[in-house]
Structures are given as C-alpha cells and as structure tokens.
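Have the coordinates open as you read.

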Amino acid sequence: MSGDGNQSGRNRKPRTSGGSRPSGNSRSSSDSRGNSGSGKSFGNSRGPKTTRGGDRFDSRDKYENGDRKFGPKKPFNRAEKDEDKTKSFIQKRRFEKISKEVFKDTIRLNKYIANSGICSRREADELITQGLVEVNGKVVTEMGYQVQKTDRVVFDGQNITPEKPVYVLLNKPKGYISTTKDDKARKTVMDLTANASPYRIFPVGRLDRQTTGVILLTNDGHMTKKLTHPSFNMRKIYHVTLDRKLTNDDMKLIGEGIRLEEGVAEIDSISFIEGKPKNEIGIELHIGWNRVVRRIFQKLGYEVEALDRVMFAGLTKKNIKRGHWRILTEQEVNNLKML
C-alpha cells in the first residue's frame, strides 16, 4: 500500500518528466503583477506626482476603483462574502435609523429642532425656554409642545425643517440624467435611489447623460450649496477615454489652460494612466463649468468616447457597483463638513 494509505501504486498516474503540471487556474507572470492592467489606476505608489502636463498621475488618496470589470477573477472567499453581508447589514441599520426619524403627524418641538441639525434635544430645550423659537409667528416656551406638519417653525430668523440630513453616494451608469424629473420621460438618478431615503433627496451638481461615476444625493441644502458653489473649489477627478491617442504637445496645452467661452479652463493635474493606452487620460480639476472636460478635448480636435468621474469632494466609488448606492458614514459626513 502507498504511503498515503488511500491509493495503490498501480493506480497512481506516473509523474511527467517536465515537473508538476500547472493547474487550470494558473496565470502567466504578466497577470500576477498586482493591479497593473487589472483596474483603473492613475499611477502607482512609486511614481512621482506630476501636474500640468506630466507623464504620470499619482493615485494615492485620490482614486479607488470599486467596480473592476477587467483582470483575473477572484476565487471564492467565504470571509469576503461574510464581509459583504456585514456591509449590507450596516447599510440596512443606517436606513432603519433614518426611517425612524420620519416626521409623523405631530412631533415634540425639541425633537423637531434636533432633527433639523441645529443642536441636540437637551440644547433645544434650553433654546425653547429662552424664547428663541417661534411656531407660526408666536414664541413658544412650553416644554413638550407638539408641532404639526403644517406648522412654520423659525429659529434665529430662519425657517427650519424636521428632516434629518441624508447623504447617498451613487455610482451612476450611462443613460441616466442628473435631475429629479424629466419632461421627456428619460431615466434619472432618482429612479436608481428611489429606496435610498424616506425623505426627498436631490443630486449635488450634475453629470451629463453619458457620463458615469460618483454623484452625491442629499436633502441637506446647506451642504449642496457648499459643494457646488465655485468659491469652494471642490476637487474632481475624471477618467477620460479619447477617440485617439493624446499627443504630448496637446497634453501640455491642456495643462497650461484651454480658453473656452467662460474663460481659461485651468486644470490641476493631467497625465496618461499607467498601464493603459495613450488615449486614456486622468484629469483633475475644480472648475464646475457645464461639460467642461468634454469641451477641453473637443477644442483640440478630440472626441471623448467615455467619461467617468472617479472622485468628487474626496468621495470615491470604491465598493459601489455601477448603478448601486450606499449611505455615507458619519466620518465621511464629518469630512464633508470640514471641507
């Protein structure tokens, strides 16, 4: 009997002279170099940062790809599957927590104020006793006062609402427009996020119909104004695919600034994407002009075949499949507030 105790010597297949036979899952050496060629990446950790027409694009802390369409298929991993279940559970808990705060027929005034994001319930009680809150034009100092949906509540001269702020991050696919409704009955991002919040949310800024990638939706008007106002200079990174290779001279021109109708379109960084053909470009900018990326390249005679926003205000589409969404974490919301 053989040493393994399970197979006789005559049934054992002879070993080939060329060594052990490779398994069906083996990869060539070029497929095992890490992330090169397997996903969208603007450079690696060893490459220097280059701006204004450089030939490398440093991706550290700028871009993480969450929807990898190319590269070797990952083997089944039970730990990863359990982790996905945990993430789904966390998202469900976040949604349930928000749903509990939905405005009912009536609500205590201190909770109304707290839900608006001004302060905590205990601090709201102090504001009420100090006579700083008005309901329907009258100062209310009564503790436990019940507010109705139709009531108008004013604090510090400003109308407030009882909706708790909700922040939803969507990885937008092609064919959807970034508006709340469309007269032509086209698909909108609201169709994709219909079940994301018990409140009505709105897209922050716009991505045109053919552009994909990161877009934020929220009911926080103050945050929306902050993220879209030109004075705040919110950073955005795009992965651009052109109809032909971009020349070094044209890249230099873009880095120096291309004059458009609104003025000179200044960009922060531009480079080829490492491991990709020369028609795939990474571009970082903060201006928010309409279709600005497409118009920059069209000015030089290029057509943009694909445009994907991979980062907006520090938020990336990591772990969000195309057409899917997730609720921001408290840490991410705090980061936005500190911008």
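A residue counts as buried under 20% relative accessible area and exposed over 50%, with partly exposed in between (1.4 Å probe, protein chains only). By that cut-off, 40% of the protein's 339 residues are buried. This is a predicted model, in which local features need pLDDT of at least 70, side-chain atom pairs count only at pLDDT 80 or more, and totals for chains, interfaces and linings use all residues. Residues are numbered from 1 along each chain as its sequence is written, and side-chain values use heavy atoms, leaving out hydrogens and water.

The protein has eight helices and 17 strands, taken as DSSP runs numbered from the N terminus (helices H or I, at least four residues; strands E, at least two).

Now turn to helix H8, residues 330-338, where Glu 332, Val 333 and Leu 336 are buried. Viewed down the H8 axis, these residues fall within an arc of 100° (taken from the directions from the helix axis to the C-beta atoms), so they line one face of the helix. Glu 330 and Met 338, on the other side of H8, are exposed. Among the elements covering the buried residues of H8 are strand S9 (212-218) and helix H5 (221-228).

How does H5 meet H8? In H5, Met 223, Lys 226 and Leu 227 contact Leu 336, Lys 337 and Met 338 of H8, contact meaning heavy atoms within 4.5 Å. By class, this contact has four nonpolar, no polar and two charged residues; Ala, Val, Leu, Ile, Met, Phe, Trp, Tyr, Cys and Pro count as nonpolar, Asp, Glu, Lys and Arg as charged, and the others, Gly among them, as polar.
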